[in-house]
Each structure stands twice: as C-alpha cells, then as structure tokens.
Amino acid sequence: MTSFFLLVALLLHISVFAATHGPSTPFISSNAQIFNQKLTHFSPGIKVGTFPQRYYFDEKHKTKKIYVLYICNESPCNGIPDDYVRVYAEKLGAGIVALEHRFYGESIPFKSLSTENMKQHLNVREVLADLAWFRQNFQAIHLTGEPHKWILAGCSYGGALSAWARLKYPQLFDAALASSGVVDAILKFGAFDAHVQKVTGHECTKALRLATEEVESALVSNPAHVKGLFNVSTSMENVDFLYLLADASALAVQYGHRQKVCDPMVQALREKASLMNAMAKYTNDFFYPVFGSWREYDREFLRNATAETPDAAIRPWWFTKCSALAYFQVAPYPFSIRSKQINLQYHLNRCQDLFGKEFVMPPVDETQTYFGGKNVQMGRIIFGNGSEDPWIQASLSEKPVVPDQYMATVSCTNCGHCVDFRGCPSAAHKPGDQCTDEEQLRQVREKSLELLRTWTGE
C-alpha cells in the first residue's frame, strides 16, 4: 500500500505512496457527525482519553437490517463517496456509514504530528479497533441495539483494512469488500513499476525512461531550470524530485489514464522533441490538477507538517509506511522508468529523516505474520482488481484457497485502481462508463452483489 481523490473530492487526494490518489468525486452525504473515539484500545484497566472522529451516514434506501461501513483512507474524509458501494447498498436495502481514519482530516487527536504522538497512537491495530468500537456504539445508540448485518467496504489501503477488520473481528463484521486491497506488505516493491512498464508498452516506456535520463542529466547541470519547468521549489532535494517524476507517470497508469501521459510522450519521442519538456507540460497540465501538489514529495515540507498544514495527510501515511507496511516503490531492473536513485536506501533514509534514527527498517515480516499477507485466513471477503493497476501486485490476484472468498480481476485497457468501485478510468460519479470491457465489470459486480446477499441472509 497509497488516498484519499476519486473516492472523496480531493479528500482521498494523496500520492501513489498510499495507493489511493485520484480525481474528485461527489458525495451522497457530507453532513458530518462526531463520535468520541477512544485514544487507545489497548490499555485495559487504565482510563484513557478520547478524540473526535468524523463520520457520515445515509439511510435514504435502508429497508433491511444491514449497514455498510465505508472505510475512509489515509486522507481527509469529507463525505460518503458516490461510487458503486452506494449501488450495492441500494440494492441490498442497506444504510451506509463512512468513518474518517484517525490522524487525518478533522479526526486528529493532537495538533502536532510528532513522531512521539504517532508512535503511541497511530498503528493498524488501533485503526481496526476504531472500526470495531464505532460499529458497536453506532448499533447500540443509533440503531437502538437492534441486530444488523455489517459489511465493510474499502479501496486500496482501505480495502486492506476491510479484509483485516473482517479477519480480526468476524463476530462484528459479516462480510468485506476489499477493492484493490493491498494486503501484502512489501519491502522492495519493484513489481509496481514493472507492472507500469508492462501496461505502457514498449514505445511509451522508452519515452518515459529517456525522459528520466534527460531530467537526471539536466539536474546535474542546471537544477533550477529543471525545477522551474515543473513548477517546484528550487530547494526541493533532487532525489525527491525524481520520486515525483516517477509518480507523475505511474499515477496516470494506476487510475486508467495512461493515454494522458503516453500520447504526448510518444509524440515527443517520434518528433525527436525534448522529452523533459513534454513531461513537464504533462505534469503541469494534467498531473497537478488531477493528483495534487508537488509538496507531498518534498521532504522538508513533510518534516515540518502539522495537523493544520494543507496536504499534511502524507506525513502520517509515510509514518505508517515506515513503521509497518513499507510498499517502497524501488526502481526495477533493467531499463527502469523510475530513476535508479529511488532504491531501498532512499526510502530508509527518508524514514529516518522524517521520524528519527530508530526507524531503521519497517517490520514487514511482523505485519505479514499478523495479517497473513495474501493468505488472509477468513471467508466472506471479496477482492476486486483492475488489470492495469500496478497495486494488483500487492493484492490478492489469484484464486483464493479460503472458502467463501471471491477474487476477480477486471481486464481491459483502462481498468485501474479500485475499478469495481470506481469504473474506468477511476471516476466514481460515472462508474463503468468508459470501460473497454464493461460487460466483464458488470458480471463482477453482479457476482459480488449475489455473494453479499447470500452472506447477509437476504
């Protein structure tokens, strides 16, 4: 696993670090409520404080005793996304509630995003316990204790949380939708770029690789000129700028927009024009307006971000990466689009620069042991993937060995991240309207709905 973006109008707007970075989407409800969440769930016998956690709910189509708990990702959550989860809820006669992730948006326990605060209170176990405690209280108070069936739903990192919450709290959650659920914590994630290069094809891959080489050379001779072309601060470290450059193309592929980057780059290649200039134009015209600010890649900005800083959500996400999940996108060999300077040591240095020298290596082996990696030992989980999404390499993409699990990969030329929720390209307000194989997507959604009906007894 990275947000937030397609699932939430620029609220899931975070970099590919998170796996959940995408264009905007409307909401079916943006009327925020507040739940007093426990600061910690793992201090038995000790009185602990609370923090205000935002949530939203919608019952316009609720006719059955079913609720969908939509897990907001690693970014501000400004409402319930209007994607295909809404359709599932309508057809099931279910209500929907969306819960903001701790340390994001307005659900931040402390104004300071210090390492010490996050070490004590930001980890996946606490996040899963938040979901469980919220569900118990929401049913007891809002639903006056009436038993309901509960379905978890999440995309990307939220998809992983959905599967993990079903695994760890099966008595509370009856089923889970894990769209592009990145359940496999990977230290050296070179497979990400390898998949990007497979999707872009030979000519576009060549153009992007040569653009990277041109930029690397120009950064040595005239870094101010290069950064001016891309409208970033001249103080940004060169290697962080190269990470931005790699994500600028990878995110387009991830969300089903590869033509947006490949068409101008291939044209420049054929015309023997400057590939650096072509990449700068694409980045300014498409990447920034759709996917967000260059500051999310700037180490100095991340080091000093507070809860009140715009675009600050990337700091707690990097903490989660450095402390548990990694997903470090390193340059694959040979002929990588990504600069070879973006290697494992780059990511480890970044973790120590941001959070302290104790962050030597993310304990991904412990994470894998605790949750099972791709071998999530729990039924009633639906894993949906898009064939062009590079995060498929961290999701369950082969036939499950656990009974009552369902995995489907929708294959088409623009089937990207969380395609079963968002359609093609990722645009939740028109799910599926541009998929080159819309019939395959329809069949996956129908099968998922059929299973949800069976698992909830409807």
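The model is predicted, so local features need pLDDT of at least 70 and side-chain atom pairs count only at pLDDT 80 or more, while totals for chains, interfaces and linings use all residues. Residues are numbered from 1 along each chain as its sequence is written, and side-chain values use heavy atoms, with hydrogens and water left out.

Start with helix α5 (residues 190-221) and α7, whose axes come within 10 Å and cross at roughly 150 degrees. Helices here (H or I, at least four residues) are DSSP runs numbered from the N terminus. Axes are lines fitted to C-alpha atoms, for helices over the stretch in contact, and angles run from 0 to 180 degrees between N-to-C directions. The two helices are therefore roughly antiparallel to each other; that term applies to angles over 145 degrees, whereas under 35 counts as roughly parallel, 65 to 115 as roughly perpendicular and the rest as oblique. The crossing of α5 and α7 is right-handed. A crossing has that hand if the near helix is turned clockwise from the far one by less than a right angle, and is left-handed if anticlockwise. On the α5 side the contact includes F192, V196 and V199, and on the α7 side it includes F241, L242 and L245; contact means heavy atoms within 4.5 Å. By class, this contact has eleven nonpolar, five polar and one charged residues. Ala, Val, Leu, Ile, Met, Phe, Trp, Tyr, Cys and Pro count as nonpolar, Asp, Glu, Lys and Arg as charged, and the others, Gly among them, as polar.

Helix α7 (residues 238-254) also packs against α12, at an angle of about 115 degrees and with the axes 12 Å apart. Their crossing is left-handed. V239, D240 and Y243 of α7 touch Y346, H347 and R350 of α12, a set of three nonpolar, one polar and two charged residues.

Helix α12 (residues 344-355) has another partner in α11 (residues 314-325), with an angle of about 125 degrees and axes 10 Å apart. That makes α11 oblique to α12. This crossing, too, is described as left-handed. From α11 come R315, W318, F319 and C322, and from α12 come H347, R350, C351, L354 and F355; six of these residues are nonpolar, one is polar and two are charged.

Where is the largest pocket centred? Among its 19 lining residues, N123, V124, S323, A324 and P363 lie nearest its centre. Its volume is about 390 Å³. Helices α2 (115-121), α3 (124-141), α11 and α13 (364-371) each give two or more residues to the lining. The lining divides into eleven nonpolar, four polar and four charged residues. A pocket is an open set of points, on a 1 Å grid over the protein atoms alone, where a 1.4 Å probe fits, with protein on both sides within 12 Å along at least five of seven lines; lining residues have an atom within 4 Å of a point. Grid points are joined across faces, edges and corners, and the volume is the space filled by probe spheres set on them.

Two backbone details remain. C424 and P425 are joined by a cis peptide bond with omega of about -25 degrees, and P425 sits in the loop between α14 (419-422) and α15 (438-455). D311, although not a glycine, has a positive phi of about 70 degrees; D311 is in the loop between α10 (299-304) and α11.
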